[in-house]
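Subject: Handing over a structure, with notes on what was found

Dear colleague,

Please keep it open as you read.

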Amino acid sequence: MNQSNTPLFTALKKHAQSNPVQFHIPGHKKGVGADPEFREFMGDNAFSIDMINIAPLDDLHQPTGVIEEAQKLAADAFGADYTYYSVQGTSGAIITMIMSICLPGDKIIVPRNVHKSIMSAIIFAGAKPVFISPVSDENLGIHHGVTTKSVRRALERHPDAKGVLVINPTYYGVCADLKEIVDLAHSYNVPVLVDEAHGVLIHFHPDLPMSAMEAGADMSATSVHKLGGSLTQSSILNVNTKNGYVNPQRVQTIFSMLTTTSTSYLLLASLDTSRRNLALNGHEIAQRALDLAEYCRSEVNKIEGLYCFGSEILGTEATYDYDPTKITVHIRHLGLTGYDVENWLRDHYNIEVELSDMYNILCLVTPGDTKEEIEILLKALRELASLHYSTGQEHELVVKIPDIPQLSLIPRDAFYGDTEIVPFKESAGRIIAEFIYVYPPGIPILLPGEVISQDNIDYIVDHVEVGLPVKGPEDRTVHQVKVIVETDAIS
């Protein structure tokens, strides 16, 4: 296929150039009806292609024209049999994956450190999660992936599972042996779904981890917007039908159910053009990001009090490979939290990082970065370390990650169950009926159906007190929590 073509974007430009008289939405009518300041800032070109699904521009819900052509080109570029454009982000693609294979009551094997969208999908589908413990890195205070060994144990105990979901790579860029996990699951006739939100570039460079499609996975949800140059909220769902586990027509049906009928052609056009750029120039632009990231990593590791992991962490089942463009700076030796560092970088150097947790900050190096920007980050980190690191007195935080809570109810049953509100600090032993998570990365600490432990309470309170963005419960202060009503025994 000719990857230089952009069928959708070309059609949009042609349509705009014809300057049609529009008696349809959007009501801004090529920007004329928009707020003048916003129109000037955005530019008339953007407004001119902010369209709806009229005949010349095809329909994402049932594509037969330029969108279908664009998706076929994307499938070719990403090594898939089918590719579906998502204007609901990777969350929409993940929910589609799970609902395409799971019916109410079906089991699905998932890591416990999954994104909240996966748990949302499990609630929507009425599925029963079988959790696998990810490997904890007690030195860095983060979770890595799951091991082949743990997946095998889960399949042995639950051979009736309808799917295995794997994160590849994790938010921090670490991968398990995906090919081995895929082959194992397929030996049980179980499909593999991959959360590939942070892995768009891995399709285009051999020095990056293996992609889901290359590993033979059955579906993968990939954020093109995170690292691949498209607009925020634009992602893709790749489908491999060779193994016979996925019905592409059902995938389209589920996708359509979850997708707005007012699809954004700006987002779709950005996917079309980003696919072209990645297909034609992906190796070159990934190499540029790799070179910048490796330089950044080596310089960070020269700064006393800071550490950025690299290939030295490889060699275990959970750390089979990693994406070097993820710069995880471990800061606990400075006696600070990651949240402290994030705020300091913002206040003193106007630097925004991808995320902060108790012990790390994460910086993403992408094809959009330059050497000058890397030098600003390094200058800031050098100054920060000089202010807070002392070889004479080391202030270390105690790295603790709570155990995975016990799941007592199917998440859907808990989410829709009879509930009451209780003080969070007094909720140990109760079954939670809502989510509590830190975003980013959006991994639930507690999710509907789990038993709240005192360790969970202490861990969450610690995060709240240092200012980390704890989200999910209806009470944003996390003083109160919604739990399942306990009924008294009848005597």
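A residue is called buried when its relative accessible area is under 20%, exposed when that area is over 50%, and partly exposed in between. By that cut-off tryptophan 344 is buried, because its relative accessible area is 11%. Please bear in mind throughout that this is a predicted model.

As a general point, an α-helix has 3.6 residues a turn, so residues three or four places apart point the same way. Just after helix 13, asparagine 350 takes a positive phi of about 55 degrees.

Turning to aromatic rings, the count comes to 7 aromatic pairs. In one of them, tryptophan 344 and tyrosine 349 have ring centres 5.8 Å apart and planes at 40 degrees, so the pair is tilted. Phenylalanine 415 and tyrosine 416 form an edge-to-face pair, with 5.1 Å from centre to centre and 85 degrees between the planes. Phenylalanine 415 is partly exposed, with a relative accessible area of 38%, whereas tyrosine 416 is exposed, with a value of 54%. Tyr82, Tyr84 and Phe255 form one aromatic cluster.

Alanine 433 lies in the loop between strand 16 (419–423) and strand 17 (436–438), and at 2% relative accessibility it counts as buried. Alanine 433 and glycine 449 are 16 residues apart in sequence, and their C-alpha atoms are 6.1 Å apart in space.

Strand 16 is joined to strand 20 by 5 bridges, and the two run antiparallel; within this arrangement, valine 422 stands opposite valine 481 in strand 20. Strand 20 (residues 480–484) is mostly covered, with 4 of its 5 residues buried. In the loop between strand 19 (470–471) and strand 20 is valine 478, which has a positive phi near 60 degrees and is buried at a relative accessible area of 8%.

Finally, some backbone details deserve a look, given that most residues other than glycine have a negative phi, and most peptide bonds are trans. The peptide bond from isoleucine 25 to proline 26 is cis, with omega near 5 degrees, and proline 26 lies in the loop between helix 1 (7–17) and helix 2 (36–42). Lysine 30 is placed in the loop between helix 1 and helix 2, and has a positive phi near 65 degrees. The bond from asparagine 168 to proline 169 is cis, with omega near -10 degrees.

With best wishes

Notes:
Residues numbered from 1 in each chain as written. Predicted model: local features only at pLDDT ≥ 70, side-chain atom pairs only at ≥ 80, totals over all residues. Heavy atoms only, no water. Buried < 20%, exposed > 50% of the residue type's maximum accessible area, 1.4 Å probe, protein only. Pairing = 2+ DSSP bridges. Phe/Tyr/Trp six-rings, centres within 6.5 Å; stacked < 30°, edge-to-face > 60°.
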